[in-house]
Amino acid sequence: MRTSQPRTIYLKDYKVPPYLVDHVDLRFELFEEGARVYNSMEIRRNPEADPGQPLELDGEGLELEGLTLNGLPLAPSDFEVTSGGLRVEKVSDAFTLGVVTWILPQDNTRLEGLYKSSGMFCTQCEAEGFRWITYFPDRPDVMARFRTRVEADKARYPILLSNGNDVDRGELEDGRHFVTWEDPFPKPCYLFALVAGDLTEKKDTFTTQSGREIDLRMYVEPRNAAKCDHALDSLKRSMRWDEQIYGREYDLDIFMIVAVDDFNMGAMENKGLNIFNSSCVLATPDTATDMAFQRIEAIVAHEYFHNWSGNRVTCRDWFQLSLKEGFTVFRDSQFSADMGSPTVKRIEDATLLRTAQFAEDSGPMAHPVRPDSYIEISNFYTLTVYEKGAEVVRMIHTLLGEEDFRKGSDLYFQRHDGQAVTTDDFVKAMEEASGRDLGQFRLWYQQAGTPVVDVTDHYDEQAKTYTLTLSQKVPPTPGQSEKKPQHIPFAIGLIGEHGSDLPLKLGADDAEAPTQRILDLTESEQTFVFHDVAERPVPSLLRGFSAPVKVRYPWSRDQLLFLMSHDSDGFNRWDAGQRLAVDVIQSMVGQPQEQTVDPRLVTAFRQLLSDTELDQALVAKMLQLPSEAYLIELADVADVQAIHSARTRVLNQLALELQGELMACYLRNREDGAYEPTPEAIARRSLKNTALSWLLHINDEEARQMALKQFDSATNMTDQSGALRSLVNSDFEADRTQALDAFYDRFSNDPQVVEQWFSIQAGSPRAGTLSAVEALLEHPAFDWKNPNKIRSVIGAFAGQNLANFHAEDGSGYRFLAKHILSLDSSNPQIAARLVAPLTRWRNYGEVYREGMRAALEQIQAKPDLSKDVYEVVHKSLKD
Ligand code: 0A1
Ligand code: ZN
């Protein structure tokens with residue numbers, strides 16, 4: 001057990017910074033045995049703060065070698081080094097403070113601050129990494145201009161990078177050299193970055209809308225030189241899109257992207273110098289899947305878009321994290337929708353939200369989009385802040401409409417350029433530009449929990465009216481027992497007997513009635529009466545997933561089938577199929593093996609498999625059965641093994657009955673042309689690989705041959721890994737081993753592919769996977785210091801292989817707890833993220849619950865537990 005309780009930080013305690021830093025001059029001397037950082041800060045008292053406060057700077061793990069005030073050394077009695085920083089009691093209104101620190105990047109396994117990754121130096125400063133580099137007010141509302149000189153051995157580190165433009169460079173003694181960078185834009189220190197290494201440079205250019213030519217540069221290890229094209233193309237598309245859709249032009253003369261292998265998250269938007277996890281930026285058709293291509297495009301866009309939503313306008317404090325993240329995720333999802341299929345993108349976003357964010361929202365870590373408190377801010381880079389935050393911005397977009405939303409974003413950027421602001425400032429700009437009152441809407445930022453909307457209806461044959469009654473409830477969450485009704489934009493359509501949309505007349509005198517409406521649900525219960533409804537309709541509710549809520553309406557299976565083939569809203573067509581499949585699977589949970597699947601589901605899937613008219617990308621999505629994770633989320637008390645068994649039986653039976661259609665679908669979608677990541681080609685590959693995996697699921701011999709052939713002759717990673725995954729999950733023991741060995745032999749030099757190889761095995765639902773997973777941890781390619789490897793083995797096992805992770809003997813939980821405990825000391829951020837699969841133990845059946853709780857208690861008992869892990873475990877076990 002930790003001896004002291006870590007401190008909780010509250011939003012209500014926010015105070016403006018007592019001192020501001022106008023300018024920082026940094027000099028880094030990089031060596032193999034450590035790094036010396038010279039930091040000279042021009043500081044002044046903040047006129048808006050209470051006077052007379054001491055100067056307090058944040059610092060962690062630093063060795064202080066020198067401290068000067070206006071150039072004169074400070075006597076030991078003039079300052080104090082505290083546990084979390086440095087305190088100087090008496091300072092004047094404006095002064096220069098010089099600090100020299102010695103740090104050990106080569107020993108930094110936390111991957112916060114300055115560290116080494118495959119021989120190169122790199123940094124990660126968000127959220128509070130800068131304090132591991134030097135003493136500084138490490139808070140986003142202190143914005144300074146940075147000048148950074150980097151010095152290192154020239155042979156080992158020919159490339160020296162930091163933010164802004166390079167203004168000076170030269171040679172030094174002993175084979176060393178330096179480069180000086182200057183960033184003209186004031187920024188918080190979390191956006192600081194430095195990179196030094198022996199890197200290959202890929203160059204490109206982009207001409208902005210005003211005609212400025214920007215140097216685009218990508219820096220990667222030489223072995224990755226061929227993997228940059230997709231990221232650079234994605235970057236150029238993002239830059240153009242942000243000009244066209246938001247009127248945002250890039251501001252520096254140079255934009256750099258660096259790929260590093262060891263990184264805790266996906267990527268980081270450091271000003272002018274984005275640093276990426278290799279797995280989120282490097283791709284070639286033969287090493288990256290379609291999903292990876294799409295993910296890379298989206299992340300490159302996301303980081304680039306931060307240049308305005310995050311960097312030029314930043315957050316006042318970390319409670320406002322969604323100000324930049326929610327808005328930027330919304331922007332990148334609009335971008336991805338524009339680059340591909342909007343319906344498919346919406347389905348993917350809603351799936352993530354409903355599966356994982358809803359789970360977060362109903363678990364012990366539930367928090368509002370703008371949290372009120374935290375112990376460790378790294379724990380709040382969550383689906384709620386990012387994805388639900390993006391949904392909140394999306395609802396504002398829906399309520400205001402395209403044009404007013406753009407006016408609002410223009411006003412926001414113009415009014416707050418160069419400032420550190422709050423989510424409320426964002427909402428105010430939207431309100432002022434549109435004239436719309438978003439008073440009640442603000443509750444989306446303040447209340448945690450997923451609203452549930454219950455819908456009932458009544459059709460009056462005589463009066464030809466159709467009445468919809470909507471009632472909403474926001475469930476209680478930790479620290480928030482009472483909730484107010486929220487403002488929910490609820491998009492609907494009504495579908496007539498023949499499958500077409502009916503006009504929606506709300507007032508009796510509505511002449512030109514639309515066939516889709518956004519209902520403003522603001523009360524706990526509200527009734528909407530539609531007039532002149534000629535026939536009893538089937539309601540199409542929450543079209544396009546217009547709000548992140550759960551909708552309950554008693555559709556019959558026949559009505560769902562009807563919606564699946566007639567709804568004009570693509571998203572709701574898909575959703576109807578999902579609801580039908582969920583209903584069928586749920587009805588089979590805990591039932592005898594022999595129980596058969598509702599033939600209507602088989603017919604629906606048969607139709608889908610042979611439907612070549614409908615958008616194939618949508619068909620590919622509709623063919624995916626709801627995941628186990630989603631079925632678990634939906635259950636009041638989850639019996640994982642029973643859910644797994646029911647879902648497997650449905651899959652088996654569908655595959656058996658549709659063998660012919662699956663085979664035809666496979667053959668129809670086979671292609672030999674050059675690889676293209678277009679939506680059409682991606683849909684074809686997805687259909688083909690789904691068909692293949694279903695057929696292998698039932699041990700179809702012909703499919704086995706096809707899989708082997710596809711595995712051998714694939715010209716792209718989607719097909720290669722699709723075949724591998726199907727074989728690994730099949731009962732063809734010898735083929736599985738052979739394919740795994742061949743794959744590894746071919747790609748053992750490529751870390752990104754080896755990570756896929758790990759996760760395909762760790763995620764395989766086949767019985768007995770835990771021992772296989774334990775063996776993977778001993779594999780020479782596994783590396784405890786590399787977050788991607790940890791995620792691809794331990795993360796894939798606990799997060800995707802639910803039947804094995806939730807083994808009734810508790811072995812999966814003990815396995816996870818053991819590794820969280822050892823990671824807690826080396827990389828607390830990664831350790832804390834791995835706790836997530838245990839946190840919702842109260843929602844599981846008794847056999848699981850006790851084992852999960854015991855694992856959490858075992859973790860909690862560790863002395864000196866990091867505050868990252870402490871916060872998640874402590875909140876999970878709290879009554
Ligand atoms: N701001 C980045 C995410 C990020 C956050 C924290 C990190 O280190 C702890 C790294 C990256 C983004 O939204 O892409
Ligand atoms: Zn972001």
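In this predicted model, a polar side-chain atom of Q124 lies 3.3 Å from an oxygen atom of ligand 1.

| Residue | Atom type in ligand 1 | Distance |
|---|---|---|
| Q124 | oxygen | 3.3 Å |
| E269 | nitrogen | 2.7 Å |
| E325 | oxygen | 2.9 Å |

Taken alone, ligand 1 exposes 370 Å², and the protein buries 96% of that area. Accessible areas come from the Shrake-Rupley method with a 1.4 Å probe, and for residues only the protein chains shown count as cover. The elements that give two or more residues to the shell around ligand 1 are strand β20 (267-268) and the helices α2 (290-305) and α3 (321-339). Helices (H or I, at least four residues) and strands (E, at least two) are DSSP runs, numbered from the N terminus.

The shell holds 14 residues, and E126, E269, E303, E325 and Y386 are the closest. A residue is counted as near a molecule or strand if one of its heavy atoms lies within 4 Å of it. By class, five residues of the shell are nonpolar, four are polar and five are charged. Here Ala, Val, Leu, Ile, Met, Phe, Trp, Tyr, Cys and Pro count as nonpolar, Asp, Glu, Lys and Arg as charged, and the others, Gly among them, as polar.

Buried means under 20% relative accessible area, exposed over 50%, and partly exposed in between (1.4 Å probe, protein chains only).

Some backbone features stand in loops. A127 lies in the loop between β11 (120-124) and β12 (144-153).

L111 has a phi near 60°, a positive value in a residue other than glycine. This residue sits in the loop between β9 (94-103) and β10 (113-117), and L111 is buried, with a relative accessible area of 4%. D532 also has a positive phi, near 55°. Its loop runs between β29 (525-530) and β30 (538-541), and D532 is partly exposed at 48% relative accessible area.

T208, in the loop between β17 (200-207) and β18 (213-220), is buried at 4%. Its side chain makes a polar contact of 2.9 Å with the side chain of E249.

The protein chain has 27 helices and 31 strands. Its radius of gyration is 28 Å, close to the 29 Å that the globule rule gives for 879 residues, so the chain is as compact as a globular protein of that length. The radius is taken over C-alpha atoms, and the rule is 2.2 Å times the number of residues to the power 0.38. The C-alpha trace spans about 90 × 70 × 60 Å along its principal axes, and 61% of the 879 residues count as buried.

Residues are numbered from 1 along each chain as its sequence is written, while chains are lettered from A and ligands numbered from 1 in the order in which they are written. Local features need pLDDT of at least 70 and side-chain atom pairs count only at pLDDT 80 or more, while totals for chains, interfaces and linings use all residues; side-chain values use heavy atoms, with hydrogens and water left out.

Note on methods
A polar contact is a pair of N or O atoms within 3.5 Å; within protein, one must be able to donate a hydrogen and the other to accept it, and residues adjacent in sequence count only if both atoms are side-chain atoms.
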